[in-house]
Amino acid sequence: MNVAVIGTGYVGLVTGVVLSEIGHNVICIDIDEKKVEMMKQGKSPIYEPGLEEMLVRNISKKRLSFTTKHKEAFEKSEIVFIAVGTPQSESGAADLKFIKQAAKDIAQHVVYDTVVVVKSTVPVGTNDIVENIIQEELKAPVRVEVVSNPEFLREGHAIHDTFHGDRIVIGSDVKKPGDKIEALFTPLNLPIVRTNRRSAEMIKYAANAFLAVKISYINQIANLCEKLDADVNAVAEGIGMDNRIGRAFLSAGLGYGGSCFPKDTEALAFLARENNINLNIVDAAIKANSEQHEIFIQKVIDKLGGNVEAKTFAILGLAFKPNTDDLREAPALKIIEKLLSLGANVKVYDPIVQHLDGFQPGELEHCQSIEECMDNVDATLLVTEWDEFIENDWKELKKYPNQPLLFDGRNILSIDKLVKFGWQVEGIGQAQKRQSVKVI
Ligand code: UDX
């Protein structure tokens, strides 16, 4: 089929590339000329394992192209995906300006009967708004129908998740356009959930908020474990083996970040408030998440004798999670800001993120290797669970810092092993393994 995709962020670009990979003719549209030029040259503007190879392959097979011109894209397409951003506004609600603009562009330029697919995460009722805008502003005498198809891919695993997703949700109030989108995805051979548009929109928010609740729940249980001398990793295993609960998303850490959970939980909470529905379970998850990195920093301060002024820290990992260069709502940024505000010196290292905006020149030291980062520091904070940190030789690394004091914010290293190497390690919710840390 001939498909256009509006927006080449994580969702749009992955959707476009994967649809071309399964045999469709895809044209991706973005207003950013530089970005479009880059993609035409076979370069992915985002770091996502496997994406660039697939992009290059499909450009060379002439199934994938890029443009800044709506007309060029829509005059060939029978299906148009909207995959633009829905940033958080002041109130917490999702800002729909890019969605509305996309609907207007479609209305201006389509020349065939078209199914418009809303892939962006949007508040319940947004597909209706898109349909109304298109109907009001449609230029050509054609039929345009709107289908909701929320995206569930995780950054860093986007290609894998698209081919091996748990389900594809198709929300359509009319059968035929829903059937067309189901046919589009047939080569992926994944379970399909067919429902109406509003339910599809709600599935996305309800799924993300549920996972956020799960993370905040295990983080708070971890904090309690730490006080009571229990081990949250064992607790997560023990409760996760109950099929009704499941082990996924029960890894305690520094709280969730990224482009989805923080924004989507706020948007869902806003939707509930607006409709006078009590959804305080989500409010509590949001609050717990905002507290989690503060609890971690307090632990660091306490271990260093209550004052971190002029102390030097190594921050290992900047991205909000491994295998991405995404810094949105990354706990590392909040931790760095707090340490700097307390007068500490901060050295940072990330295997992929090589540049940090928002800090004054010289305010922190951006290192090129883990060794350089840990050289002469008073404490090391592991913030993102990159493989490079997990697989490193921690026996060897011990020679770099002033003192072998390590805070594992992701519970990813083997404390037993590190202790044998002479490290003093603090995890999250692992109080019984607490070492007595000497304060310098
Ligand atoms: C998420 C959803 O998983 C995906 O379905 C949706 O489409 C978009 O949002 P993403 O934000 O890419 O994807 O990352 P994910 O791997 O889900 O992690 C989200 C955050 O939760 C990260 O900050 C991660 O560190 C944190 N997390 C995840 C935990 O703290 N503990 C866990 O057990 C799992």
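With which side chain does the side chain of glutamate 155 make a polar contact? The partner is the side chain of threonine 324, at 3.3 Å; a polar contact denotes a pair of N or O atoms within 3.5 Å, where within protein one atom must be able to donate a hydrogen and the other to accept it, and residues adjacent in sequence count only if both atoms are side-chain atoms. The structure is a predicted model, in which local features need pLDDT of at least 70 and side-chain atom pairs count only at pLDDT 80 or more, whereas totals for chains, interfaces and linings use all residues. Residues are numbered from 1 along each chain as its sequence is written, and side-chain values use heavy atoms, with hydrogens and water left out.

Glutamate 155 is found in the loop between strand 6 (144-148) and helix 7 (158-164). Helices (H or I, at least four residues) and strands (E, at least two) are DSSP runs, numbered from the N terminus. With a relative accessible area of 6%, glutamate 155 is buried; buried means under 20% relative accessible area, exposed over 50%, and partly exposed in between, with a 1.4 Å probe and protein chains only.

An N or O atom in the side chain of arginine 410 lies 3.3 Å from an oxygen atom of the ligand, and for the side chain of lysine 204 the corresponding distance is 3.5 Å. The protein covers 91% of the 660 Å² of accessible area that the ligand has on its own; accessible areas come from the Shrake-Rupley method with a 1.4 Å probe, and for residues only the protein chains shown count as cover.

Strand pairing was examined next. Strand 1 (residues 2-6) and strand 2 run parallel and are joined by five bridges; two strands pair if DSSP finds at least two bridges between them. Alanine 4 stands opposite isoleucine 27 in strand 2. Of the five residues of strand 2 (residues 25-29), four are buried.

A further six strands are arranged in an open sheet with parallel pairing, in the order 11-10-9-12-13-14. Strand 11 (365-366) and strand 14 (424-426) are the edge strands, each pairing on one side only. Strand 13 (residues 405-408) is joined to strand 14 by three bridges, and leucine 406 has valine 425 as its bridge partner in strand 14. Strand 9 (residues 312-316) contains threonine 312, which is buried at a relative accessible area of 14%. The side chain of threonine 312 makes a polar contact with the side chain of asparagine 345 (3.2 Å).
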